[in-house]
Amino acid sequence: QVQLVESGGGLVQAGGSLRLSCTASGSIFSINDMGWYHQAPGKQRELVAAITSGGSTNYADSVKGRFTISRDNARNTVYLQMNSLKPEDTAVYYCNAFGSSPRGSFGSWGQGTHVTVSS
């Protein structure tokens with residue numbers, strides 16, 4: 001079983017920055033795509049940013065130019081650097097990962113980390 005653990009959330013003023021981290025652990029052969037999603041109260045979970053094992057990235061239009069996703073393949077870790085934060089970025093942020101393990105392919109989610117941006 002592959003587990004993802006996020007960290008780095010918190011309370012920040014508008015215009016500030018936060019860096020989220022997510023590390024995968026367990027029996028892992030390889031991790032292909034990793035990503036960050038967010039879910040605001042009363043809304044659906046939405047993609048924020050994703051990154052392939054080769055480093056190709058994809059961002060939601062709302063965060064382009066402000067957020068940067070990166071990963072450390074040796075550590076099975078994905079990061080989300082969030083700059084110029086806005087109150088509308090307030091949400092629970094979840095990471096996910098897809099890859100292969102001794103049990104076959106997997107898709108796992110973290111437990112979520114809260115990000116609150118005050119105006």
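Predicted model: local features only at pLDDT ≥ 70, side-chain atom pairs only at ≥ 80, totals over all residues.

Reply: Residues are numbered from 1 along each chain as its sequence is written, and side-chain values use heavy atoms, with hydrogens and water left out.

Me: In which order do the four strands of the open sheet stand?

Reply: Strands (E, at least two residues) are DSSP runs, numbered from the N terminus. Two strands pair if DSSP finds at least two bridges between them. The pairing in this open sheet is antiparallel, and the order is β1-β3-β8-β7.

Me: Why is one side of β1 and of β7 left without a neighbour in the sheet?

Reply: β1 (3–7) and β7 (67–72) stand at the edges. One side of each is left without a neighbour because each has a single partner strand.

Me: How many bridges join β3 to β8?

Reply: Strand β3 covers residues 18–25 and strand β8 covers residues 77–82.

Me: Which residue takes a positive phi in the hairpin of β4 and β5?

Reply: Strands β4 (residues 30–39) and β5 (residues 46–51) run antiparallel and are joined by five bridges. M34 stands opposite I51 in β5. The hairpin has six residues between the strands, and the residue with a positive phi near 80° is G42.

Me: Which residue in β6 stands opposite A50?

Reply: β5 pairs with strand β6 (residues 57–59) in the antiparallel sense over three bridges. Opposite A50 stands N58.
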